[in-house]
Amino acid sequence: IASVAILYSFQSAIDIAGTTRYLVEIQAQMTSTERILAYTEIKPEKGHEINEQPPKNWPEAGKIEFKNVSLRYYENGPKALKDISFQINPCEKIGVAGRTGAGKSSLVAALMRIGETEGDIIVDNSNIECLNLQSTRQRISVISQSPDLFSGSIRENLNPTGGINDSEIWNVLDQIELSFLVRSLPGKLDHLCTGGGSNFSVGQRQLFRLARVLLKQNKIIIFDEATGKVDKKTAEQIQKVIHDVLKDCTVIIISHRMTTIQRCEKIMVLEQGSIVEFDKQHVLLNRQKGFLSELVRIANEDKMY
């Protein structure tokens with residue numbers, strides 16, 4: 001009897017362990033099912049259903065106008081931008097400054113139609129809310145702070161659609177002073193980028209991202225803290241491209257570094273989602289107790305420590 005009891009106990013323990021394992025697996029599968037159901041309930045972004053396409057060469061001039069624009073990232077959420085209005089003329093280079101959380105990147109979100117906007121955003125006399133969402137996003141280039149490359153060759157990264165010949169690619173690489181590096185690599189344009197571009201430095205990845213933007217030839221280009229993680233030399237290369245190669249493009253430069261935006265025609269200063277200053281740099285710096293003057297003073301103090 002004792003032997004039977006011991007065997008029964010062992011068998012019961014095995015059965016309990018198996019049942020517990022099955023319950024854990026069922027719980028994991030239920031969690032996966034809930035996530036799938038949640039994805040099916042996500043509402044598509046506003047603008048996908050619009051069939052109206054922008055003109056073929058839009059934007060041709062690169063004029064941007066915000067008219068009483070507010071932005072919320074979700075329904076009934078707080079306003080990240082609050083009733084802002086401004087105009088950027090074709091080919092202007094505009095710097096955007098402000099403290100953390102002031103609304104600098106929200107300006108990009110509004111232009112790229114991320115979130116819920118109120119008011120009108122006019123690009124080359126076309127209200128972007130009346131145009132197809134995917135098409136408008138494709139016509140505006142954004143270079144962010146953290147560049148990543150696809151797993152594939154340099155050519156595939158710079159020319160993912162295959163519609164550009166190699167001579168154009170080499171010309172752009174020459175413009176951003178990256179051709180020497182690529183020519184030194186095994187395979188040159190066929191050299192593989194691995195792990196999101198981990199075989200290149202952050203600065204080199206950012207320059208490859210810039211090359212991709214130049215090849216796309218969009219008229220409006222936004223640099224959102226694009227020099228925040230690169231070294232001084234790479235930052236200077238990017239500045240040279242902005243003011244020489246992109247001289248016929250409208251460029252918005254968002255940066256916490258005053259040196260990055262000091263060559264811009266005008267500087268916009270944001271504070272708590274509102275525009276508090278927007279003028280030429282020397283005009284803003286001559287204002288006593290001005291917002292830009294205060295940001296410059298803080299930046300200079302940080303350099304001392």
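Good morning. The largest pocket holds about 590 Å³ of space. A pocket here is an open set of points on a 1 Å grid over the protein atoms alone, where a 1.4 Å probe fits, with protein on both sides within 12 Å along at least five of seven lines. A volume is the space filled by probe spheres set on the points, which are joined across faces, edges and corners.

This is a predicted model, in which local features need pLDDT of at least 70, side-chain atom pairs count only at pLDDT 80 or more, and totals for chains, interfaces and linings use all residues. Residues are numbered from 1 along each chain as its sequence is written, and side-chain values use heavy atoms, without hydrogens and water.

The largest pocket has 22 lining residues, each with an atom within 4 Å of a point. Leu-214, Leu-215, Lys-216, Gln-217 and Asn-218 lie nearest its centre. H5 and H7 each supply at least two residues of this lining.

I turn to H7 itself, residues 202-216; helices are DSSP runs of H or I, at least four residues, numbered from the N terminus. Eleven of its 15 residues are buried, so H7 is largely enclosed by the rest of the structure. Buried means under 20% relative accessible area (1.4 Å probe, protein chains only). Among the buried residues are Phe-208, Leu-214 and Leu-215. After H7 comes Gln-217, with a positive phi near 60 degrees.

Finally, the second largest pocket holds about 460 Å³. Of its 20 lining residues, Gly-98, Arg-99, His-256, Arg-257 and Met-258 are closest to the centre. H11 gives the most to that lining, with five residues.

Definitions and conventions: The expected span of a helix is 1.5 Å times one less than its number of residues. Buried means under 20% relative accessible area, exposed over 50%, partly exposed in between (1.4 Å probe, protein chains only).
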